[in-house]
Amino acid sequence: MTKLDELFRDPPPDRDSYVLGQAIPFNPDQWITRLPSGEWWPKRLADLPRVGRWPTVDRRTVFQMAEHAHTPEGRRDLLIAALVWGTGTNAREVVRRVRIFHENDLEWLDERICGAQAEIDRGDPVAAYLVLNDQDAQVKYFGPAFFSKLLYFSTADRPVGERWPLIIDSNVALALNELSAQEWEADKRWDSKKYASYLELAHSWAERWGTAPDVVERTLFTRGKQLKSGAR
């Protein structure tokens, strides 16, 4: 049995709890004090209940915020929510994430996001990925690990076309390197051809497993984390 067979041997987990319910804790103060203005903090995040010490945000909530991303403020809220979900409570990582707002022209940043969103709405996630990964116009401090999260959430959980935009990061890349015949390096800024290859693999595996593509994405992420920790 191959490693790929082993990974997808059992029935797929329930998407509602495994994917949509994936909740990440965050410290609001770490963000509010570092954003260009405290008024930038999304009200939807401010209203989340605490679970233990911190509030948590899940994928379902971020998807819901995409419903209001037709305005600059709504797009900014969605971007912040995607960053918060992907960062957690690590203060050092929060500092790195908010540099997106301090090191880029904000109108230009919104234009780039609008351009990517238009491609998502047309059902072309690879073109959307290229908009934000353009070598001649890259958004500073906004690499694929995070802008792919924005592309994913921008669908509001209603992807258009044959391919869903999916999150790619170093953990997913490690799992892909183990399971596919291609070479994936975890520390690279993957180009659009590499992203297209990932989407093709993830969608084919999802069809084989009888599940949604983002269930495969989260499974790959989990496997990548195991590989980082030395687990077999």
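Two strands are taken as paired if DSSP finds at least two bridges between them. In the predicted model described here, this criterion bears on β1 and strand β3, residues 54-58, which run antiparallel and are joined by three bridges. Within this pairing, Ile24 has Val57 of β3 as its bridge partner. The sheet as a whole is open and is formed by three strands in the order β1-β3-β2, with antiparallel pairing. Because β1 (23-25) and β2 (50-51) stand at the edges and have a single partner strand each, one side of each is left without a neighbour in the sheet. Strands of a sheet pair through backbone hydrogen bonds, in either a parallel or an antiparallel manner.

Along the principal axes, the C-alpha atoms fill a box of roughly 55 × 45 × 30 Å. Of the contacts in the protein with a separation of 6 or more, 69% are accounted for by residues 24 or more positions apart.

Burial and surface composition were also computed. Of the 232 residues, 50% count as buried, a class defined by a relative accessible area under 20%. The accessible surface comes to about 11400 Å², and 47% of this area belongs to carbon and sulfur atoms. As for charge, the protein carries 32 positive and 35 negative side chains, with the centres of the two sets lying 6 Å apart.

Notes. Residues are numbered from 1 along each chain as its sequence is written. This is a predicted model: local features need pLDDT of at least 70, side-chain atom pairs count only at pLDDT 80 or more; totals for chains, interfaces and linings use all residues. Side-chain values use heavy atoms; hydrogens and water are left out. Buried means under 20% relative accessible area, exposed over 50%, partly exposed in between (1.4 Å probe, protein chains only). Contact means heavy atoms within 4.5 Å. Accessible areas come from the Shrake-Rupley method with a 1.4 Å probe; for residues, only the protein chains shown count as cover. Lys and Arg count as positive and Asp and Glu as negative; His and the chain ends are not counted. The place of a charge is taken as NZ of Lys, CZ of Arg, CG of Asp or CD of Glu. Helices (H or I, at least four residues) and strands (E, at least two) are DSSP runs, numbered from the N terminus.
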